[in-house]
Each structure stands twice: as structure tokens, then as C-alpha cells.
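Here is a friendly walk through the side-chain contacts of one protein model. Please keep the viewer open as you read.

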Amino acid sequence: MNVFEAIAKRRSIREYQDKDVDDKLIGVMLWAACQAPSAGNLQEWRFIVVRDQKKKELLYNAALKQEHVRKAPVLIVVAADLETQSLRYGKRGELVYALEDCAAAIENMLLAATALGLGTCWVGAFDEEDVKNILQLPDFLRPIAIITVGYPAEEPEKKEVDYSRYVFLENYGKKFEFEFKTLHELIQEKIEEFRKFIGKKQKNK
């Protein structure tokens with residue numbers, strides 16, 4: 001699966017099969033996460049892998065009782081080392097760069113999971129202090145997200161997004177005109193071309 005297929009296929013999965021996820025696959029996801037760019041190459045992201053059911057129950061409560069948090073075979077809590085960023089870049093590093101860097105790492109992780117046949121969901125709604133206490137995080141680490149991981153037990157539809165509504169040229173409001181076709185559209189075109197080719201061949205017989 002190439003990166004474009006992974007981007008197109010990725011979904012937020014909230015229902016999981018009762019099937020364990022091998023540590024090697026989790027390792028690949030974390031490797032992919034650490035290939036993301038980070039301000040000053042500080043790589044201030046930290047990842048806590050959670051498999052213990054009691055701990056998942058506690059995180060479920062901290063995450064406003066979202067069912068997939070306790071049902072997923074694996075949770076990966078992503079935290080940012082605010083101290084590292086603050087020392088180099090001050091307030092902006094703490095408030096902006098640390099969040100951006102973790103977000104980039106998370107997206108890499110989600111795409112890697114998709115390529116591996118796994119499902120994930122990026123959970124951002126939770127009580128930060130509760131999560132810090134549950135995982136015994138030091139004060140300088142801020143929990144950014146809880147990622148649920150497992151084999152999908154659902155196939156949610158993905159709505160097509162009219163990306164042209166959100167893209168501008170030079171200034172806000174000036175539309176950026178460009179032609180782009182989705183993988184599905186390209187495949188349909190090739191199928192249609194093939195049908196026409198076969199049709200011509202049959203006529204010439």
C-alpha cells in the first residue's frame with residue numbers, strides 16, 4: 001500500500017475485533033511516528049503504550065467514557081515534553097511547536113497503522129490531569145492524544161471532501177484553481193478506457 005492509498009483508506013475506527021495486536025506492529029507504528037519532522041529536530045514527543053485492562057478502564061473514565069478507549073486492544077498515549085521546547089523556543093515552543101510536532105507524529109502513526117491493516121482513532125477529549133496521574137507523567141509532560149489501536153470491526157464510510165473550498169492562492173479568498181482526480185476516479189477512467197478498447201476490438205473482428 002502506498003502513502004496515497006493509506007491516506008484514502010484511513011478511517012476513525014471505534015469498533016475492534018477481539019484480537020491482540022503484535023508488539024512488532026506497534027513498534028512499526030512508533031518508528032513511523034518518530035520519522036515526523038519536529039522543530040529544531042528536538043523530537044519532544046513521548047509515547048506510552050497501554051495494554052493493561054485496569055489502566056484502560058481508568059483512561060476510559062478520563063476520556064469522558066468513550067467506549068473504544070476501553071475496548072481497543074492497545075492504547076498509545078502521546079505526550080509532549082514542554083520543557084525541552086520551552087528551553088529552546090520559549091512560549092511559542094511550548095504552546096505551538098510541541099503540539100505541531102506531536103500532531104505530525106500522530107498522523108504518521110495513523111497512516112502506518114492503516115498500511116498494516118490496523119484501525120485507529122485519535123482521541124483528544126479527556127481530562128489531562130487524570131491522564132497524567134494515571135500514567136504518572138512528570139509535570140513537564142503534557143498528554144496530547146490517546147490513540148486507540150486494533151483490528152477494525154467496522155468499515156465506516158468516508159465522505160468525499162471538496163478540498164477546493166479550503167485552498168487559496170496568494171491571499172485568503174482568491175481561489176486556487178487546480179485539477180485533481182481521486183484514485184477512485186482514475187480507476188473508473190481506466191476501466192472505461194478498457195471497455196472502449198474491448199468494444200473496438202470486437203467490432204473489428
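The report below covers salt bridges, aromatic rings and a pair of strands.

This is a predicted model, in which local features need pLDDT of at least 70, side-chain atom pairs count only at pLDDT 80 or more, and totals for chains, interfaces and linings use all residues. Residues are numbered from 1 along each chain as its sequence is written, and side-chain values use heavy atoms, with hydrogens and water left out.

Let us begin with the charged side chains. A salt bridge here is a side-chain nitrogen of Lys or Arg within 4 Å of a carboxyl oxygen of Asp or Glu. By this rule the model has 9 salt bridges. The table shows some of them, including the helix that holds each pair; helices (H or I, at least four residues) and strands (E, at least two) are DSSP runs, numbered from the N terminus.

| Salt bridge | N to O distance | Helix |
|---|---|---|
| E67 and R70 | 3.0 Å | α4 (residues 67–71) |
| K91 and E94 | 3.9 Å | α5 (residues 82–115) |
| R195 and E192 | 3.8 Å | α7 (residues 183–203) |

E67 and R70 are 3 residues apart, so about one helical turn separates them. For accessibility, buried means under 20% relative accessible area, exposed over 50%, and partly exposed in between (1.4 Å probe, protein chains only). K91 is exposed at 56%, while E94 is partly exposed at 21%.

R70 has another contact: it lies over the face of Y60, at 4.1 Å from the ring centre. Such a charge counts if NZ of Lys or CZ of Arg is within 6 Å of the ring centre and within 35 degrees of the ring normal. K19 sits over the face of Y151, also at 4.1 Å from the ring centre.

How many aromatic pairs does the structure hold? There are 2 aromatic pairs. Y89 and Y97 are edge-to-face, at 5.1 Å centre to centre and 85° between the planes. F168 and Y172 are tilted, at 4.5 Å and 50°. Rings of Phe, Tyr and Trp (its six-membered ring) pair if their centres lie within 6.5 Å; planes under 30 degrees apart count as stacked, over 60 as edge-to-face and the rest as tilted.

Finally, the strands. Because 4 of the 5 residues of β3 (residues 119–123) are buried, this strand is largely enclosed by the rest of the structure. β3 pairs with β4 (residues 141–150) in the antiparallel sense over 5 bridges, where pairing requires that DSSP finds at least two bridges between two strands. C121 has T148 in β4 as its bridge partner.
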